[in-house]
Amino acid sequence: MGVDIASIVETKPAALEDFSGKIVAIDGYNTLYQFLAIIRQSDGTLLMDSRGRVTSHLSGLFYRTANFLETGIKPVFVFDGEPYPQKRRTIEGRIAVKEKAMEEWKKALEEGDMERAKSKAQQTSHLTREMVSQAKQLLGYMGIPCIDAPRDGEAQASYLVRRGDAHYSGSQDFDSLLFGSPALVRNLAISGKRKLPRKNEYVDIKPEAISLQEVLQKHGLTWEQLVDIGILVGTDFNEGVRGIGAKKALKLIKEFGSIEKVIEAKKIEVPGYEETRKIFLQPDVTQDYSLKWSLPDTEKIVDMLCEEFGFSEERVRKALGFVETRKIQGMQTSLDQFF
Amino acid sequence: MLNAKVKAETLKEVVELLHTLVDEVKMNFGKEGLGVKAVDPSHVAMIELSLTKSSFEEYKSSGMELAIELEKLKEVLKLARPGEIVKLSFDEDKNKLIVEIASFRRFIPLLDIGSISDAKVPSLTHSAKAVIDLEALRQGIRGTESVSSHLTIEIKPDVFKLEGESEQDKVEMMLYKEKGEVEIEAKEPAKSMYALDYFSNVVKAISSAQKVTLNIGKDYPLKMEFAFAGGNGTAKFLLAPRMPDSI
């Protein structure tokens, strides 16, 4: 999912605390999908309440976001709107993958292969409209702003950073860079200890910061050229060229300068590259949003999570313990905020 | 070329004030005097000090910026007796600051200028100002420290108020304009909350001022100004506020 340009992008490991005081525009769908993939029982089953409703997304969103707030990170969640017609193919492809993974999950369960079952189950994650509206309701009670993007959430998140309304865009995908976000942070929502699939090993996943300027400078590229590289590799909006990965695409664009010149020199076809380029360089975004944070409303959150979805009240209240202290002590600002 | 002679207590005060925020500073020995700016690593507090030529017994500089480890300077200054004069000079070949007290000399190796970033001073407009006795402020801060790690300053046209609060305890100090306890200039009432650690340390490090001027706004940085070294030195301390009910 998203454009695979990891091999030409340098990432800097960071700590969660490094983002204290920073506004991060988080790709809502991307993050909720990750919670659905990761927060599962050992056989791959999602967390559910007593009525059989999925709660993995709420659990991830609540504990993680509470942790952000306690650290001093100011998140704003940006949700996808109507997908670009070009993204349909990607979405259909994802549905096919999920159906296949569902079959394989069942088979693995029958064979008693729990490791495989869990890893297949993770690929079946399906985010419903209802889950998204539950997530937005919870974010509202947590005092966190949400923005509905006209089209792509990651494009809107990048726009916030470009306008200076946010310091970072937050997503697992590199698409933000193509959308021109000056600074991207990955792994923010999933940092911590994670078990490696099919191995009895754990890795410590750390947030990673990526600067667009540094990526461009390192390779001597313009933003437009980075977009061209992404298009050759393939994005959510175009298929890319068979046999061209990020390193090869970088070499081609460095040598010829643009997709047009690559097409001319290498006699290849890049279907839909002009439209795709337009999506990244001039995305559909809105200026109609307001960013206001307030302290979480503990009682409303307890009502929703504990009364309605059966979360442990003790754990929920503990995660919100910082709210009372914050009310008395306030939050330390930095002089940089007053320039 | 640098040749500066100054009373040990004046230099001590400069070093003590700076050392509340940083361990290393860039001191700018300009042609007309000494200027230093320092910001703490998290950019919560800043100090800007200047000593005019006339606050020195003797002062000559071709204009230079020297990066110094404060602890080393502090150690030498401990040797000085009250009223003793300290002489500062610069050994360009060996890149050392030479500090002389009577017949004693210490050669302090200088740091790389580029290793200390420049402190940018925010441009602030404060809506309320109060001039109070340093002793009153000290008392208020000391009293607040025993119940809380932060305090609230409120300035109204007729009264200056310090307040500290924890879950159980509360302290307050009021100074009234009418009683001549404070001078106030306030267009509108202003109130802001500040962490005590830096504030308290800086106030403790002031040794030669009688009065301090506190400028605040509504949830806005504090600017504390005071004169030292017999009125020839001026100091400015900035402190970012804590935002109540904020995430």
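Student: How far apart do the C-alpha centres of domain 1 of chain A and domain 2 of chain A lie?

Tutor: The C-alpha centres of these two domains of chain A lie 26 Å apart. This is a predicted model, in which local features need pLDDT of at least 70, side-chain atom pairs count only at pLDDT 80 or more, and totals for chains, interfaces and linings use all residues. Residues are numbered from 1 along each chain as its sequence is written, chains are lettered from A and ligands numbered from 1 in the order in which they are written, and side-chain values use heavy atoms, with hydrogens and water left out.

Student: Which residues does each domain of chain A span?

Tutor: Domain 1 covers 10-218 and domain 2 covers 220-283; such bounds come from an automatic or database domain assignment. Their contact (heavy atoms within 4.5 Å) takes 19 residues from domain 1 of chain A and 16 residues from domain 2 of chain A.

Student: What area is buried between domain 1 of chain A and domain 2 of chain A?

Tutor: The size of an interface is often given as the accessible area lost when the parts come together. Buried area here is the accessible area (1.4 Å probe) that two parts lose on being put together, summed over both. For the two domains of chain A this is about 1600 Å², with 60% given by carbon and sulfur atoms. On the side of domain 1, Gln86(A), Leu178(A) and Leu216(A) supply 41% of the area buried against domain 2 of chain A, more than any other three residues.

Student: At what angle do the axes of helix 3 of chain A and helix 4 of chain A cross?

Tutor: Two packed helices are described by the angle between their axes and the distance between the axes. Helices (H or I, at least four residues) are DSSP runs, numbered from the N terminus. Axes are lines fitted to C-alpha atoms over the stretch in contact, and angles run from 0 to 180 degrees between N-to-C directions. The axes of helix 3 (residues 88-111) and helix 4 (residues 114-122) of chain A come within 8 Å and cross at roughly 160°. The two helices of chain A are therefore roughly antiparallel (over 145 degrees).

Student: Which residues of helix 3 of chain A and helix 4 of chain A meet?

Tutor: Ala101(A), Glu104(A), Trp105(A), Ala108(A) and Leu109(A) in helix 3 meet Met114(A), Arg116(A), Ala117(A), Lys120(A) and Ala121(A) in helix 4.

Student: Where is Lys74(B) placed?

Tutor: Lys74(B) belongs to helix 2 (residues 70-77) of chain B. Lys74(B) and Leu11(B) are 63 residues apart in sequence and 9.2 Å apart in space, C-alpha to C-alpha. Neighbours within four places in sequence aside, Lys74(B) is in contact with Val15(B), Glu16(B) and His19(B). Helix 1 (residues 8-19) of chain B packs with helix 2 of chain B at an angle of about 145°, their axes 10 Å apart.

Notes: Angles under 35 degrees count as roughly parallel, over 145 as roughly antiparallel, 65 to 115 as roughly perpendicular and the rest as oblique.
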